[in-house]
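Hello,

Here is the structure I promised to pass on. Have a look at it first, and my notes follow below.

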Amino acid sequence: MPDIIQDNVYGMDKEAFRQAGYDFIDWLADYFEQVEGLPLKARVEPGDILYQLPEVPPTVGEPIDVLFSDFKRIIMPGITHWQHPGWFAYFPANNSPESVLAELLTAGLGAQCMIWQTSPAAAELEERVMEWLGRMLGLSSHMKGVIQDTASTATLCALLSAREKATGFASNESGVRQPLRVYASREAHSSIEKGVKIAGYGKDNLCYIDTNEAFAMIPEKLEAAIQKDIDSGMAPACVVATLGSTSSMAMDPVYSIAAICKKYSVWLHIDAAFAGTAAIVPELRHFMHGVEQADSFVFNPHKWMLTNFDCSAYFVKDPETLIQTLSINPEYLKTAADGQVKNYRDWGIQLGRRFRALKLWFVIRSYGVEGLQQMVRGHVDLARQFATWVEEEPGFELTAPPQLSLVCFRYNPGTHSEEELTQINKQLLETVNDAGSVYLTHTVLNGKYSIRLAVGQANTKLKHVKKAWELLLEARR
Ligand SMILES: *Cc1c(COP(=O)(O)O)cnc(C)c1O
């Protein structure tokens with residue numbers, strides 16, 4: 001063998017790695033401490049970052065300190081700070097130092113956890129932490145869990161399983177040959193539509209069910225839609241119920257929906273991507289009523305459970321259906337342990353899998369169930385406080401019933417048309433966000449342009465919610 005191959009050393013030497021590692025952790029520790037002082041939303045225009053990046057990759061390697069300084073100089077100004085305690089936009093994606101450290105270990109091990117044999121500890125830790133999560137949420141012990149990258153992927157798995165169940169596993173063999181129907185509320189997340197398209201149902205077969213004044217699915221309308229489809233020769237395959245809609249945290253009545261699914265033998269999938277975490281708090285768990293009847297359930301620890309993106313928890317009542325839907329068994333992946341272990345490659349879409357269970361293990365052990373419950377309670381209390389201010393302030397109104405950690409509202413001083421109100425609130429939102437210390441986003445509810453306040457960043461305190469409220473009061477004048 002030529003010497004050049006043997007002598008080549010890839011990557012920095014161990015001392016340099018150690019030093020850079022210390023520097024990076026120091027920098028991150030400072031970042032966590034100082035993020036509150038940074039303008040929350042990136043203040044850049046489209047292309048600002050792109051034009052600073054060379055069009056061609058470097059021919060010769062560059063030292064890590066140059067990269068690190070470019071990261072600070074070029075990348076950081078284009079970052080929006082999701083870990084800023086004034087984060088009230090969209091939904092939270094909170095993290096924690098413990099989760100970040102575990103993620104570092106995951107990256108360092110670089111293990112590919114597609115099957116048990118490619119890292120037994122990863123498979124077995126995943127099995128155990130998913131059992132822990134199931135217990136924490138009060139799920140039935142019959143529900144078995146697997147970690148997916150996102151709720152979108154988990155919902156796609158549910159739609160695929162439902163498709164196979166409805167066709168006796170024939171569509172895996174020969175494609176979808178009959179119109180299979182999927183039902184979700186009008187407030188359901190866009191990932192349902194995406195999943196329906198990918199899974200071959202066709203978008204026309206996604207039937208949106210009307211919602212009530214609280215934006216929750218009306219079960220009678222669901223049953224009527226199912227009945228109508230059956231009468232016209234179509235096959236109902238799946239209902240996706242939402243616990244915590246993205247717009248307003250609306251809760252579909254799962255208990256009644258489950259009874260309908262049972263009656264018509266339709267798969268019931270629950271999308272609780274954001275709200276699911278609240279189920280770890282016993283006094284908040286009532287929205288889960290009926291979940292034990294579901295075939296599948298997803299929630300995102302990467303939203304509201306201190307576990308940095310990505311980590312989505314998918315639970316199924318009957319793993320065999322999931323496995324039969326997705327299993328592949330080429331010769332090169334067969335191992336002696338196959339009969340006795342969980343090979344998670346068959347529990348999801350992709351073959352390769354990151355070791356995500358590690359950060360979840362670190363988070364649950366570091367905070368304990370009580371610590372996580374305390375965080376959720378705190379966030380819900382803050383949202384309730386904010387909702388009270390909105391209700392008591394003349395000229396402001398709630399536009400949906402406040403749920404858990406989300407409040408939807410608008411400024412409505414009266415005597416304005418809907419169109420004017422939209423403009424007024426758009427302007428209000430922009431002014432508040434431009435201050436740079438809080439970030440809120442909007443939605444439209446029943447035709448009303450609404451501002452949303454979603455509490456969930458780990459370090460959000462009363463003073464940050466107060467700040468948002470003060471800015472809103474100032475900006476309305
Ligand atoms: C955030 C969210 C999703 C999408 O989650 P991803 O993990 O980003 O795919 C789906 N449904 C609901 C209700 C959500 O809140």
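This is a predicted model: local features need pLDDT of at least 70, side-chain atom pairs count only at pLDDT 80 or more; totals for chains, interfaces and linings use all residues.

Residues are numbered from 1 along each chain as its sequence is written, and side-chain values use heavy atoms, with hydrogens and water left out.

Back to the strands (DSSP runs of E, at least two residues; helices are runs of H or I, at least four residues, and both are numbered from the N terminus). Strand E9 (residues 406–411) is antiparallel to E11, with four bridges between them; strands count as paired if DSSP finds at least two bridges. Two residues separate E10 and E11 in their hairpin, where Asn-446 takes a positive phi near 55 degrees. Of the seven residues of E11 (residues 448–454), six are buried, meaning under 20% relative accessible area with a 1.4 Å probe, protein chains only.

Now the pockets. On a 1 Å grid over the protein atoms alone, a pocket is an open set of points where a 1.4 Å probe fits, with protein on both sides within 12 Å along at least five of seven lines; lining residues have an atom within 4 Å of a point. Volume is the space filled by probe spheres set on the points, which are joined across faces, edges and corners.

The largest pocket has a volume of about 920 Å³. It is lined by 33 residues, and the closest to its centre are Trp-27, Leu-28, Phe-32, Phe-71 and Val-100. Helix H2 (14–34), helix H3 (64–75) and helix H4 (97–109) each supply at least two lining residues, and H2 gives the most, with 11. Domain 1 (2–37 + 42–79) and domain 2 (101–363) both contribute to this lining, so the pocket lies between them; the domain bounds come from an automatic or database assignment.

The second largest pocket holds about 320 Å³ of space. Among its 24 lining residues, Ala-151, His-189, Ala-273, Asn-300 and Lys-303 are the closest to the centre. Helix H6 (151–166) and helix H11 (301–304) are the elements that give two or more residues to this lining.

Best wishes

Note on methods
Buried means under 20% relative accessible area, exposed over 50%, partly exposed in between (1.4 Å probe, protein chains only).
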